[in-house]
Structure formats: C-alpha cells, structure tokens
Amino acid sequence: MAAKPALVMVLSVSLCPRGNYDMTSRGVRTEGDCEFCFACIQNCPQKAIRFNPASGQPFLANGEKNPNARFRNEHISLMDIKRANNQK
C-alpha cells in the first residue's frame with residue numbers, strides 16, 4: 001500500500017535534525033542552515049527533495065550525480081532517526 005502524499009511529506013519534514021522544514025497549508029516551507037546530513041533526500045520516498053547545483057557549496061557544486069539513487073540503512077528505522085533528532 002502506497003503512503004499518502006501528505007503523510008510522506010510530514011515524515012520527510014520531521015527527519016531534519018535542524019528543523020529546517022515546516023508543513024504549512026501551502027506546502028513545505030524551508031528555512032535555516034542545512035548541515036548536509038541528507039536525511040530528507042535519502043528518506044523521501046517520492047524523491048521530491050533534491051539539491052540543485054550550488055557553486056558556493058563544496059558538497060553541491062555539481063548537484064546530485066544520480067538524482068534517482070537513494071540509500072537507506074536497513075538497520076536504522078525512520079523512528080530511530082526522529083528520536084535521535086529530538087534529543088536535547
């Protein structure tokens with residue numbers, strides 16, 4: 001059974017350790033500084049979150065080499081990531 005798009009976005013938004021994403025009635029709002037953990041990119045099942053080439057950022061100078069490739073560690077659940085992000 002496929003996940004509902006709104007549920008997918010809420011899940012992807014909640015994976016950011018810096019809280020840079022916020023769900024609004026108009027969609028996802030971004031703000032803040034990215035620490036390049038790529039949790040949002042790697043865990044978005046819709047592949048809706050991508051990085052565009054950015055010459056000022058060494059990690060992003062060429063964009064993504066393969067925008068369709070994603071990595072998920074089979075030993076770490078999405079809830080593990082969310083719990084780790086909520087530690088104080």
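This is a predicted model: local features need pLDDT of at least 70, side-chain atom pairs count only at pLDDT 80 or more; totals for chains, interfaces and linings use all residues.
## Elements of the chain

Helices (H or I, at least four residues) and strands (E, at least two) are DSSP runs, numbered from the N terminus. By that rule the chain has 3 helices and 2 strands, and from the N terminus on they follow the order α-β-β-α-α.

Residues are numbered from 1 along each chain as its sequence is written, and side-chain values use heavy atoms, with hydrogens and water left out.

## Burial and contacts

Let's start with the chain as a whole. Of its 88 residues, 19% count as buried; buried means under 20% relative accessible area, exposed over 50%, and partly exposed in between (1.4 Å probe, protein chains only). Contact means heavy atoms within 4.5 Å. Among contacts between residues at least 6 apart in sequence, 33% join residues at least 24 apart.

## The nonpolar core

In soluble globular proteins, nonpolar side chains tend to be buried together. A nonpolar core here is a set of buried Ala, Val, Leu, Ile, Met, Phe, Trp, Tyr and Cys residues joined through side-chain atoms within 4.5 Å. The largest one has 7 residues: Phe-36, Cys-40, Ile-41, Cys-44, Ile-49, Phe-51 and Leu-60.

Ile-41 is a handy place to look around from. Leaving out residues up to four places away in sequence, Ile-41 touches Ile-49, Arg-50, Phe-51, Glu-64 and Arg-70.

## Two pockets

Rolling a probe the size of a water molecule over the atoms shows where empty space is left. The search uses a 1 Å grid over the protein atoms alone: a pocket is an open set of points where a 1.4 Å probe fits, with protein on both sides within 12 Å along at least five of seven lines, and lining residues have an atom within 4 Å of a point. Grid points are joined across faces, edges and corners, and a volume is the space filled by probe spheres set on the points. The largest pocket has a volume of about 260 Å³. Its lining has 18 residues, of which Asn-20, Tyr-21, Cys-34, Cys-40 and Phe-51 are the closest to its centre. That lining divides into 11 nonpolar, 3 polar and 4 charged residues, where Ala, Val, Leu, Ile, Met, Phe, Trp, Tyr, Cys and Pro count as nonpolar, Asp, Glu, Lys and Arg as charged, and the others, Gly among them, as polar.

The second largest pocket has a volume of about 160 Å³. Cys-37, Phe-38, Ala-39, Gln-42, Asn-43, Phe-71, Arg-72, Asn-73, Ile-76 and Ile-81 line this pocket. Helix 2 (residues 39-43) gives the largest share of the lining, 3 residues. By type, the lining of the second largest pocket has 6 nonpolar, 3 polar and 1 charged.

## Salt bridges

Side chains of opposite charge can pair when their charged atoms come close. A salt bridge is counted when a side-chain nitrogen of Lys or Arg is within 4 Å of a carboxyl oxygen of Asp or Glu, and the structure holds 3 of them. Arg-29 pairs with Asp-22 (2.7 Å, N to O) and with Glu-31 (3.3 Å, N to O), so Asp-22, Arg-29 and Glu-31 are linked in a network of salt bridges. Each of these residues is partly exposed: the relative accessible area is 33% for Asp-22, 39% for Arg-29 and 47% for Glu-31.

The closest N and O atoms of Arg-83 and Asp-80 are 3.2 Å apart in their salt bridge. Both residues lie in helix 3 (residues 78-85), 3 residues apart, about one turn of the helix. Arg-83 is exposed at 51% relative accessible area, while Asp-80 is partly exposed at 33%.

## Two loop residues

Most residues other than glycine have a negative phi, and most peptide bonds are trans. Phe-38 has a positive phi, near 65 degrees. This residue sits in the loop between strand 2 (27-30) and helix 2 and is partly exposed, with a relative accessible area of 26%.

Pro-53 belongs to the loop between helix 2 and helix 3 and is exposed, at 59% relative accessible area. Its C-alpha atom is separated by 3.9 Å from that of Gly-63, 10 residues apart along the chain. Apart from neighbours within four places in sequence, Pro-53 is in contact with Leu-60, Ala-61, Asn-62 and Gly-63.
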